[in-house]
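Please read it alongside the sequence and the coordinates.

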Amino acid sequence: MKELHIMNHPLIQHKLSIIRSKETGSKEFREIVGEIAMLMCYEATRDLPLETIEIETPVSKATASVLAGKKLAVVPILRAGLGMVDGILNLIPAAKVGHIGLYRDHETLEPVEYYCKLPRDIGERDVIVLDPMLATGGSASAAIQFVKNYGARNIKLMCIVAAPQGVEKVRNDHPDVEVFCAALDEKLNEHGYIVPGLGDAGDRIFGTK
């Protein structure tokens, strides 16, 4: 079973505290979600393979390391996952972006698909699925399965706040997928929201309620 990575870097934790506050407005919330995603991306891509090349600096020839092997794709779960994309593209602008549209049925809490558009070569890429909140885990698990159905095999899930139920769901359904989060919170409430959480990430990113 792949490891759960909880990122307790001081910068991530500081920014997480800001977006947890109900006083934080949409503009600041949206910007900080992107910043957290960018910081988390450093750790989530730590195992990307490198190859050695020879370059010429202004002073002399030198050997240097560049990314090698498979290329990267990021796949946000609509709509809240969109808030994490730009932060990652700031670091890896050549990454391709797929989109998976899921919503959670408020009665059953089960995910319902309404859109899926992925890069044609998704099977040849390392994939990071993005969703700020890992609550019940249903949407994340379904999104990972969609990506697998298109041939991807090396998949990671990056979220900001997770609940134990969501982590367990993804681990049970996809033991081959590493999960990266900034916080593992206490529980889900009776409405399926993470406690203490940060509210509805999509509403807070886009200013809708």
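## Strand pairing and core packing

In strand 8 (125-130), Arg125 is the bridge partner of Lys71. Helices (H or I, at least four residues) and strands (E, at least two) are DSSP runs, numbered from the N terminus. The model is predicted, with pLDDT of at least 70 needed for local features and 80 or more for side-chain atom pairs, while totals for chains, interfaces and linings use all residues. Residues are numbered from 1 along each chain as its sequence is written, and side-chain values use heavy atoms, with hydrogens and water left out.

Two strands pair if DSSP finds at least two bridges between them. The pairings of strand 4 (71-78) are listed here.

| Strands | Bridges | Direction |
|---|---|---|
| Strand 4 and strand 8 | six | parallel |
| Strand 4 and strand 5 | two | parallel |

In strand 5, Val97 stands opposite Val74. Seven of the eight residues of strand 4 are buried; buried means under 20% relative accessible area, exposed over 50% and partly exposed in between (1.4 Å probe, protein chains only).

Strand 4, helix 3 and strand 5 form a right-handed β-α-β unit. Right-handed means that, with the strands pointing away from the viewer, the path from the first strand over the helix to the second runs clockwise. The buried residues of helix 3 include Gly83, Met84 and Ile88. Its buried residues pack against helix 2, strand 4, strand 5 (96-97), strand 8, strand 10 (155-158) and helix 6.

The largest nonpolar core has 36 residues, of which Leu16, Ile19, Met40, Met158 and Ile160 touch the most other members. A nonpolar core is a set of buried Ala, Val, Leu, Ile, Met, Phe, Trp, Tyr and Cys residues joined through side-chain atoms within 4.5 Å. Among the elements that give two or more residues to this core are helix 1 (10-20), helix 2 (26-44), helix 3 (82-91) and helix 6 (201-206). Helix 2 gives the most, with eight residues. Leaving aside neighbours within four places in sequence, Met40 is in contact (heavy atoms within 4.5 Å) with residues including Met7, Ile12, Met158, Ile160 and Phe180. Another core, of 27 residues, lies apart from this one and includes Leu102, Leu134, Phe146 and Ala162.

Thr45 lies in the loop between helix 2 and strand 2 (50-56). Is Thr45 buried or exposed? Thr45 is buried, because its relative accessible area is 15%. A polar atom of its side chain lies 3.5 Å from the backbone oxygen of Tyr42. Leaving aside neighbours within four places in sequence, Thr45 is in contact with Ile92 and Ile128.

Conventions. A polar contact is a pair of N or O atoms within 3.5 Å; within protein, one must be able to donate a hydrogen and the other to accept it, and residues adjacent in sequence count only if both atoms are side-chain atoms.
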